[in-house]
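Please open the model in a viewer and keep the selection panel at hand.

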Amino acid sequence: MAAEEGLRDRPPAAPPGLATRAVWAGEAGPHWQNAAQVPIVESATFAYPDLESWLAVAQGRRPGHIYSRNTNPTVAAFEEKVRALEAAAAATSFASGMAAIAGVLFTLLSPGDRVVSIHDTYGGTNKLFVEFLPRFGIEAALVPTADHAALEAEIARGCRLVYLESPTNPALAVLDLARLAAAGRRQGAWVVVDNTFATPINQQPLALGAHLVIHSATKFLGGHADALGGAVCGEAELVARIFHWREITGACLDPLAAFLLLRGIKTLALRVERQNQTALALARELAAHPRVARVLYPGLASHPGHEIARRQMRGFGGVLSFVLRGGWAAVERFLPRLRYARLAANLGAVETTAGPPATTSHVESTPAERAASGIPEALVRYSAGIEDPADLLADLRQALD
Ligand SMILES: *Cc1c(COP(=O)(O)O)cnc(C)c1O
């Protein structure tokens, strides 16, 4: 494990904790000129003094890099950090979360295959299911989210892949990952989980039975809303196939983005712990506010997935959603009044972001598709940053009042 590699000469007595992995994994040198930080290797290609050493690397007999669409040292460090955090055998990376999701689906599925998933996956993922996969003769059976009996029944009809997301975006529904992974494995299906919302700090789907975990590193992993990236973690043989699809189709992570994400991940544990606490405190306050019709947050005892979340998550995450009384007009009045929230499509950053699904998670969907996914127009998705919780609470109160 790379967290141990960072301390190579002094092996730790016990497996390192997640905060330690976030700092040390993937950082092992030696780096150029003994740099203490992973250098940004912006080089399209790697040059060799003779054919013998070039061939040795090209044929995998010696470590090294040939061309940055295939592998790159900065990108490899990022992959190693994410791999260690998910306690996976292997990891690979992509230019964005959507590239990672598309890469997994197009690597593992063939014409005639069936995918079972849920109504409210991330909007872009839903587009792959309803717009692109059918063109290749792949059927996506989308089940009402969190209806576990319906999901199990659909999985039992036979499928190649079970695609899950928990908590979901933006409704924060919770799926029982162990239960659904077991159902998928009984059918011999691949079980894939988008863990973007939870982060490996709060939830590790591989330990719950998933074959693959996907991240939009753009969100919590990077944490600073300054770089796009994606990652896929899981069994080595499976990840190798997905890496191969990526190296051929070319949706590779840029080394500068990899560097920004690497630096961001070092503080992942600190940020997520703070965001967990803040989101829970805000959810409790909002639930009691007369202008708020409903709060969706797995940390509230009233949430239908609360017991499952308590079993499979260490924290409930930094994102909450709430439905305002007064419909879309109320959302239009409320959002611009927030002082400490960027009205932006991003989430998981150090600064708070807020927005309705129409401009965030479901910007690619039509109003009818949003309605079909059960997403109310007056819903606000709020991603708590790392600001002082008291300031965020006061800000929400003044905007509501
Ligand atoms: C943002 C997001 C994605 C897509 O990631 P990009 O990096 O924007 O391509 C996928 N899944 C979830 C849950 C997301 O929030």
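Select Asn-346 and display its surroundings: leaving aside neighbours within four places in sequence, Asn-346 is in contact (heavy atoms within 4.5 Å) with Thr-218, Lys-219, Ala-225, Thr-353 and Arg-381. Asn-346 belongs to the loop between β10 (342-343) and β11 (353-355); strands are DSSP runs of E of at least two residues and helices runs of H or I of at least four, numbered from the N terminus. With a relative accessible area of 15%, Asn-346 is buried (under 20%, 1.4 Å probe, protein chains only).

The model is predicted: local features need pLDDT of at least 70 and side-chain atom pairs pLDDT 80 or more, while totals for chains, interfaces and linings use all residues. Residues are numbered from 1 along each chain as its sequence is written, and side-chain values use heavy atoms, without hydrogens and water.

Next, colour domain 1 (18-265) and domain 2 (269-400) separately; these bounds come from an automatic or database domain assignment. Their centres, taken over C-alpha atoms, are 26 Å apart. The contact takes 41 residues from domain 1 and 37 residues from domain 2.

Between them the domains bury about 3,000 Å², 57% of it on carbon and sulfur atoms; buried area is the accessible area (1.4 Å probe) that two parts lose on being put together, summed over both. Now select Pro-170, Asn-202 and Phe-220, which lose the most area in domain 1 to domain 2, together 23% of what that side buries.

Finally, select Arg-311 and Asp-176, which form a salt bridge with the closest N and O atoms 3.1 Å apart (a side-chain nitrogen of Lys or Arg within 4 Å of a carboxyl oxygen of Asp or Glu).

Note on methods:
Buried means under 20% relative accessible area, exposed over 50%, partly exposed in between (1.4 Å probe, protein chains only).
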